[in-house]
Amino acid sequence: YDPDNPVPSLGGNDCCGAPFPAGPRDQRPVESRHDVLVYSSGILKEPLAIAGPVKMKLYASTDGRDTDFMIKLVDVYPDGAAYNIAEGILRARFHEGLDRIRLLEPNRVYEFEIDMRGTANVFQPGHRILVDVTSSNFPQYDRNPNTGEDLGASGTVRVARQTVFHSSAAKSHIVLPVVNLP
């Protein structure tokens with residue numbers, strides 16, 4: 001993640017005013033970047049309904065003392081259009097809570113829980129479910145300089161190398177509130 005070249009905001013929960021309107025937007029332009037990791041399900045054969053809070057359990061490390069992890073849940077249509085339906089971000093220094101700043105030990109694997117707020121959606125047959133993982137969403141969220149310095153006090157930025165884990169010991173996964181359709 002390079003703070004001098006952050007992933008641009010493209011729709012979302014709260015974004016940002018013109019020219020960055022909130023709401024669902026096709027995510028393909030940002031998903032094609034080298035700094036966005038995209039996980040995809042297979043093509044759904046049956047509808048899958050979700051309603052409620054969405055969370056990401058992310059096992060990751062960084063070579064810095066602080067960074068951000070940004071997650072998007074995306075509904076991909078049969079024509080390839082990829083619409084964001086939930087998102088969340090965690091500034092890693094707050095991984096133990098907003099009242100406890102804890103800088104990271106570089107290259108140590110942490111379990112991060114990222115709240116993606118609530119949503120409701122029916123993923124239709126023929127659709128796929130994507131999870132995007134990156135470290136920025138600017139200007140919706142301020143860039144993290146990756147230095148570990150006090151917020152707003154850093155005059156410099158550094159490129160951070162992130163690693164996401166999905167082994168049997170460190171299973172990164174999204175928690176979806178699946179509901180039964182009548």
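Analyst: Before the sheet itself, one term: two strands count as paired if DSSP finds at least two bridges between them. Please keep in mind that this is a predicted model.
User: OK, in what order do the strands of the open sheet come?
Analyst: The order is E3-E8-E5-E6, which makes 4 strands in an open sheet, and the pairing is antiparallel.
User: Which strands stand at the edges, and why is one side of each left without a neighbour?
Analyst: Those are strand E3 (37-40) and strand E6 (82-91), and because each has a single partner strand, one side of each has no neighbour in the sheet. From one strand to the next, the twist averages 20 degrees.
User: And how many bridges join E5 to E8?
Analyst: Strand E5, residues 68-76, and strand E8, residues 128-134, run antiparallel and are joined by 7 bridges; within that pairing, Val74 has Leu130 in E8 as its bridge partner.
User: Switching topic, how many cavities of 30 Å³ or more are there?
Analyst: The count comes to 1 cavity of 30 Å³ or more, and the largest cavity holds about 60 Å³ of space.
User: What lines the largest cavity?
Analyst: Its lining consists of Val7, Val30, Val36, Met70, Ile71, Lys72, Asp132, Thr134 and Ser136. The elements that contribute two or more residues to this lining are E5 and E8, with E5 giving the most, 3 residues.
User: How does that lining split by class?
Analyst: By class, the lining of the largest cavity comprises 5 nonpolar, 2 polar and 2 charged residues.

Technical notes. Residues numbered from 1 in each chain as written. Predicted model: local features only at pLDDT ≥ 70, side-chain atom pairs only at ≥ 80, totals over all residues. Heavy atoms only, no water. Axes fitted to C-alpha atoms, helices over the stretch in contact; angles between N-to-C directions. 1 Å grid on protein atoms, 1.4 Å probe; cavity = no way out; pocket = protein on both sides within 12 Å on 5 of 7 lines; lining within 4 Å. Points joined across faces, edges and corners; volume = space filled by probe spheres on them. Nonpolar A, V, L, I, M, F, W, Y, C, P; charged D, E, K, R; others polar.
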